Each structure stands twice: as C-alpha cells, then as structure tokens.
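The sequence and structure come first.

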Amino acid sequence: MFGKEKSSDERRFRVAPDVSTEVVGERASSAGVLLFSAVLFVVVLACVLGVCALATGRVTLGLIIVAALAALLAIGCCHIAQQWERVVVLRLGRFNRVSGPGLFWTIPVIESNTMRVDTRTRVTTFYAEETLTADLVPMNVDAVLFWHVWDAAAACTEVGDFTRAVEMAAQTALRDAIGRASAAEVAIRREQLDRELKRVLEEKVAPWGVTVLSVEVRDILLQKELQEAMSLEAQAEQRKKARIILMEAEHDIYEILDEMEELIGDHEAVSRLRTMHLLNESLREGKGTVVIPSAFAEGFNEGLGDLLKG
C-alpha cells in the first residue's frame with residue numbers, strides 16, 4: 001500500500017501530458033497527404049497549362065506562373081484529416097463547422113483551419129506532492145487520467161488550452177480530495193478516491209467538450225516515520241480487536257457453563273469441565289508442558305513408605 005520513501009531526486013512527480021497518444025514507432029505517416037498534395041499540384045498545373053495552350057496556342061512564362069498559382073490555390077483549398085482528427089474551420093474569424101475525417105475543402109482566404117484536434121484517448125499523469133490530509137499528514141499521491149475530446153468545437157472555443165486546463169483541473173481536484181480525508185482513508189479507500197476524482201473532473205471539463213474516462217491512483221507515499229507510526233497504530237488496533245473477541249468468547253463460554261450447571265446440578269463437575277477446556281486450549285497452542293498429578297504415583301509413594309518402615 002505504501003511505497004518506500006524516496007528522495008526528490010529519485011522520485012520525480014510531474015505533470016506529464018501526452019498530447020500525442022501514439023507510441024514511438026507507431027506514429028501515423030503524413031507521406032500519403034504529401035503525395036496527394038503533390039499529385040494535385042501537378043494535375044492542376046497540367047490542366048491549367050493545357051487549357052491555356054489550347055486557348056492561346058502557346059505556353060509563355062506568364063501562363064506557367066498563373067498555372068502554378070492556380071495549383072497552389074487548389075492545394076490550399078483541399079485538405080485531408082486523419083480518421084481520429086477533427087478540424088475546426090473558421091469563416092472570417094467566426095466558427096463555421098468541424099470537418100473531417102477524410103477529404104474536405106475550404107474557401108481560400110475566407111475560411112481557415114484553426115486547429116486539428118485528436119479525438120483518441122489521451123493519458124495524463126498528475127500528482128499532489130506534500131499535500132496535507134485532514135489530519136495534517138503530508139502525503140505524495142501520483143495518479144493517471146484517461147480522457148478524450150468529444151466536441152472539438154467546444155475544446156477550441158470555450159477554453160484557451162484545453163490540454164493544460166485538464167491537467168490543472170485534475171491536479172486541483174486531487175489536492176482537494178486529499179485535504180478532505182485522513183491519511184488512512186486516502187491510503188485504504190483508493191477506489192473511492194478514484195470515483196470522487198472522476199465525478200469532480202466530469203463536472204469541470206464537460207463544458208470544454210472533454211470526457212473523463214477514468215482516474216486511477218497509482219502510488220501513495222508517506223514519510224518513513226509516519227509509516228512506522230501508522231504501522232504501530234494498526235498493530236495496536238488489531239491487538240485490541242483480538243482481546244475484545246477473546247473476551248466475548250469467554251463470556252459466551254461462561255454462559256454455556258451456567259446453563260450446564262443448571263442442567264447437571266453439580267458445580268464441581270462444571271468446574272472440572274472448564275478446567276479440561278482450558279487444558280485443551282493450552283495443549284493445542286503447544287507453548288508449554290502440563291503436569292497432572294496421578295493416583296498411580298501416589299500408590300507408589302504409599303508402598304515405598306511402608307517398605308521403609310518395615
């Protein structure tokens with residue numbers, strides 16, 4: 001439950017958002033988009049030159065420049081979004097639509113691609129370092145957040161930097177949750193802490209077009225002295241519970257013995273039964289030796305005395 005104490009150099013808590021959720025070696029290649037743009041440029045250039053050549057009967061430098069500008073304009077109008085991308089398009093500075101995935105067109109100069117939003121699941125690690133609990137115990141907690149953008153328009157227009165906003169909201173929620181609970185509650189009720197953080201973050205980031213999939217606390221660290229103190233406290237609590245259970249068992253045994261005494265009517269027989277029960281408990285534990293006087297030994301002592309007298 002509690003990890004070993006680590007120094008600040010060894011243990012590095014940090015907010016480390018992974019803006020790109022792709023693993024190195026699995027990143028999407030943009031070669032297809034570049035190839036499409038190059039082919040489109042060549043096709044438009046050839047078409048414009050062909051039309052101008054048929055119209056004028058010759059190809060001049062000016063026609064080549066015009067054809068090149070037309071090809072560049074076609075590239076600027078044609079766009080491709082990957083399957084997981086959504087592109088926010090503004091028209092004269094105002095939100096117009098969200099395009100993608102696939103091929104889409106924009107009006108030159110009038111429309112612009114403001115932002116490409118990755119809608120895949122993202123992973124963000126965050127932490128609360130040296131945060132005081134409700135019982136004033138400093139604690140380091142490291143957690144991970146799984147989330148994704150479901151509304152690209154809200155993510156781009158409602159908040160300046162939604163990635164940074166999600167990070168700060170998660171870290172603040174974690175600190176607040178730790179401050180409302182004791183150290184023992186934070187350490188033991190980790191699943192409850194996960195659910196509470198998820199609920200708080202969902203309410204916070206919903207207006208930004210972000211959905212929180214899950215929050216998981218990865219590690220909880222306490223100072224070594226506090227760990228030893230909490231361990232002693234837990235041991236004392238367990239001893240207390242064990243003694244209470246033992247006393248309750250003894251109480252039940254005496255009640256049963258009282259009932260047996262009423263049935264048998266012989267107090268000495270019940271006392272011997274109790275003695276046998278205690279003897280059985282002692283022998284079962286195997287922690288000592290029980291010596292029981294025997295009448296057989298007494299017979300030997302009497303015979304030996306008579307022999308000595310004779």
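Is Phe162 buried or exposed? Phe162 counts as buried, at 7% relative accessibility; buried means under 20% relative accessible area, exposed over 50% and partly exposed in between, with a 1.4 Å probe and protein chains only.

## Basis of the report

This is a predicted model, in which local features need pLDDT of at least 70 and side-chain atom pairs count only at pLDDT 80 or more, while totals for chains, interfaces and linings use all residues. Residues are numbered from 1 along each chain as its sequence is written, and side-chain values use heavy atoms, leaving out hydrogens and water.

## Overall architecture

The chain has 9 helices and 9 strands; these are DSSP runs numbered from the N terminus, helices being H or I of at least four residues and strands E of at least two. Of the 310 residues in the chain, 28% are buried. Among contacts (heavy atoms within 4.5 Å) with a separation of 6 or more, 66% are between residues 24 or more positions apart.

## Aromatic and charged contacts

The whole structure holds 1 aromatic pair. Trp147 and Phe162 form this pair edge-to-face, 6.3 Å centre to centre with 80 degrees between the planes. Rings of Phe, Tyr and Trp (its six-membered ring) pair if their centres lie within 6.5 Å, and planes under 30 degrees apart count as stacked, over 60 as edge-to-face and the rest as tilted. Trp147 lies in strand 8 (residues 138–149) and Phe162 in helix 4 (residues 162–179), so the pair ties together parts 15 residues apart in sequence. Trp147 is also buried, with a relative accessible area of 1%.

Elsewhere, Arg120 lies over the face of Trp84, 4.3 Å from the ring centre; the criterion is NZ of Lys or CZ of Arg within 6 Å of the ring centre and within 35 degrees of the ring normal.

## Nonpolar cores

The largest nonpolar core has 39 residues, and Val141, Leu145 and Leu201 have the most contacts inside it. Such a core is a set of buried Ala, Val, Leu, Ile, Met, Phe, Trp, Tyr and Cys residues joined through side-chain atoms within 4.5 Å. Helix 4 gives the most to this core, with 9 residues. Beyond its neighbours within four places in sequence, Leu145 is in contact with residues including Phe126, Val166, Ala170 and Leu201. A second, separate core of 9 residues includes Val44, Cys52, Ala74 and Cys78.
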